[in-house]
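Please look over the sequence and the model shown here before reading on. The paragraphs after it take up a few places in turn.

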Amino acid sequence: MATVAELKAVLKDTLEKRGVLGLLKARIRAEVFSALDDESEPRPPLSHENLLINELIREYLEFNKYKYTASVLISESGQPVVPLDRQFLIRELNAFEESKDNTI
């Protein structure tokens, strides 16, 4: 019969191989920060500049599949849950989009 330590090791190895362990750790971390967040202290209003900066950071995080980091950014910054329209970002930043690969 397997020991508790052996079962823990196998379970941890299995969750790591499936890519679930990192997601679970990130989710737990996000929930802990959410629980510790002081709701009685209001956040400053989100300025237009910070809205754009946060949106660029969100795009970077989502492009690199940092889903939970992006969710923490959204919840802590007050950024709208729905991403800003890409064409709006391009206009506001006076940028241009490469049509062949959709990069700004």
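Predicted model: local features only at pLDDT ≥ 70, side-chain atom pairs only at ≥ 80, totals over all residues.

Residues are numbered from 1 along each chain as its sequence is written, and side-chain values use heavy atoms, with hydrogens and water left out.

The domain assignment gives domain 1 (1–37) and domain 2 (46–103); such bounds come from an automatic or database domain assignment. The C-alpha centres of domain 1 and domain 2 lie 30 Å apart.

The second largest pocket lies between the two domains, because domain 1 and domain 2 both give residues to its lining. A pocket is an open set of points on a 1 Å grid over the protein atoms alone, where a 1.4 Å probe fits and protein lies on both sides within 12 Å along at least five of seven lines; lining residues have an atom within 4 Å of a point. The volume of this second largest pocket is about 190 Å³, a volume being the space filled by probe spheres set on the points, which are joined across faces, edges and corners. Helix H2 (20–36) and helix H4 (67–77) are the elements that give two or more residues to the lining. H2 gives the most, with 5 residues. Helices are DSSP runs (H or I, at least four residues), numbered from the N terminus. The lining includes Arg27, Phe33, Asp37 and Ser71. By type, the lining residues divide into 3 nonpolar, 3 polar and 6 charged; Ala, Val, Leu, Ile, Met, Phe, Trp, Tyr, Cys and Pro count as nonpolar, Asp, Glu, Lys and Arg as charged, and the others, Gly among them, as polar.

Next comes a residue of helix H3 (residues 48–63), namely Glu55. Is Glu55 buried or exposed? Its relative accessibility is 3%, so Glu55 counts as buried (buried means under 20% relative accessible area, exposed over 50%, partly exposed in between, with a 1.4 Å probe and protein chains only). Glu55 touches Gln79, Pro83, Leu84 and Leu89, not counting residues up to four places away in sequence; contact means heavy atoms within 4.5 Å.

Two further residues concern the backbone. Lys65, in the loop between H3 and H4, has a positive phi of about 65 degrees although it is not a glycine. Lys65 counts as exposed, at 61% relative accessibility. Asn94, in the segment after helix H5 (86–92), has a positive phi of about 50 degrees and is not a glycine either. Asn94 is exposed, with a relative accessible area of 71%.
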